[in-house]
Amino acid sequence: MRTKYHWLMPDAGRHSERPTGRLSRQKLLVTLSLVAAAAGLVGCSGSSKPNTARASTQTVVPVAVATAERRDVPVYLKGLGSVTASNTVSVKSRVDGQLAQVNFKEGQHVNTGELLAVIDPRPFQVALDQAQANFFRDQAQLKDARLNYERFKSLLDESGAMSQQQVDTQKAAADQLDGAVRADQAAIDNAKLNLLYSHITSPISGRVGLRLVDAGNMVHAADTNPLLVITQLQPIAVVFTLPEDSLLTVSQHMHQSTLPVEAYSRDDLTKLATGKLLTIDNQIDQSTGTGRLKAMFDNPDDALWPNQFVNVRLLLETHKGSIVIPSVAVQTGPQGSYVFTVRPDNTVAVSPVKVSFTQNNVASIASGVAPGDVVVVDGQDKLQAGSKVDPHASGGGASRNGQTSASQPQPAQSAPTGAP
């Protein structure tokens, strides 16, 4: 019993002390929670002042700006065109024979009447000599027949020694020989013409293309392939298209003055030549809704080549003293177009504007902006009325050579606070 008693005593002591330890730990946890909550409240109360300070500080937005200018602005209509040669001639032989000489070089500029090639002329010279010989023979016979007719006629009239039938027969013989002489003369003319055709000359002034037949070959008048092709490059034409709605305006301006036309390269960056509008086609293409126009270019430096694709700009008129800004500055809101103008204190204002027309990267402003006003051209999506900005000059600005056809609509954007 003693041993059992000593074993039970420590166990009993442990059971009696366990509840007290639990209560202490719970109190400790509660105390720590209260301290943490209090610290959080203190932190929140302490951080409210810096947040309020940051909220009261206005953000400065970096933007690109440009200055409105007053200048003359040309109004262009743009179209797609193709260069067309004024004249193109496929030179062929008009007689049969052997090509004896080739007197041109590929790519050479030739003038009208310049000798290009020679077909062996000897057969044609022989034919000419033969025709002339026949002419002289028949001419002599004709002269003798006419003399005999005069003798027979005088004998009939004076003594009646010659019958009327003999006189009439002699007259018919003389007329037949007269016809033979005329045929001989035609044969001579034909032989001379063939001899002339054996010397091939340029029918127009232009540039010679690649040689298609070499010397020594037999050529015929019935050959399908030509000897060479000559293309007139000066002047040269450009045929281009414009929307049918523009044709009436172009026609009205054509009656007032000659309209200049500029031809640009395929990338629309390099001006190739300047010419004048010649005419408008007499019908509209129903499949495309466009009309064709033709312009002529002097092309002194051969900048334009037949079948070349070009971008065409037709100068319709010039607006004098227009106020212009970069077209990217114009924004679109629920109540119309507007721009952000920069005030002297580097804050922005929303200014409603009326756009007369828009060209490549230039907008002509009818009202709402004055010369010298600074407008925002980049960074508008971060702005609203009264925003503080850090302006820097735009690399583009209002381009001096802005040229296009019709106004390009600006993409619709959400109007910022304070926008019209």
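1. Let me start with the buried positions of α3: Val167, Gln170, Ala174, Leu177, Asp178, Val181, Asp184, Ile188, Ala191 and Leu195. Please keep in mind that this is a predicted model. The partners that these buried α3 residues pack against are α2 (122-158) and β7 (199-201).

2. How far apart are the end C-alpha atoms of α3? The helix covers residues 164-197, and its ends lie 50 Å apart.

3. The largest nonpolar core holds 28 residues, and Ile119, Leu228 and Ile230 have the most contacts inside it. Two or more residues each come from β6 (115-119), α2, α3 and β10 (228-231). Another core, of 22 residues, lies apart from this one and includes Phe240, Leu293, Val310 and Leu314.

4. Ile230 is worth a look in your viewer. Leaving aside residues up to four places away in sequence, Ile230 touches Asn87, Thr88, Val89, Val91, Val110, Leu116, Ser202, Pro203, Ile204, Gly206, Arg207 and Val208.

5. Finally, Ser387, which sits in the loop between β21 (374-378) and β22 (388-393). Is this serine buried or exposed? Its relative accessible area is 9%, and the cut-off for buried is under 20%, so Ser387 counts as buried. A polar atom of the Ser387 side chain lies 2.8 Å from the backbone oxygen of Gln384.

Note on methods. Residues are numbered from 1 along each chain as its sequence is written. This is a predicted model: local features need pLDDT of at least 70, side-chain atom pairs count only at pLDDT 80 or more; totals for chains, interfaces and linings use all residues. Side-chain values use heavy atoms; hydrogens and water are left out. Helices (H or I, at least four residues) and strands (E, at least two) are DSSP runs, numbered from the N terminus. The expected span of a helix is 1.5 Å times one less than its number of residues. Buried means under 20% relative accessible area, exposed over 50%, partly exposed in between (1.4 Å probe, protein chains only). Contact means heavy atoms within 4.5 Å. A nonpolar core is a set of buried Ala, Val, Leu, Ile, Met, Phe, Trp, Tyr and Cys residues joined through side-chain atoms within 4.5 Å. A polar contact is a pair of N or O atoms within 3.5 Å; within protein, one must be able to donate a hydrogen and the other to accept it, and residues adjacent in sequence count only if both atoms are side-chain atoms.
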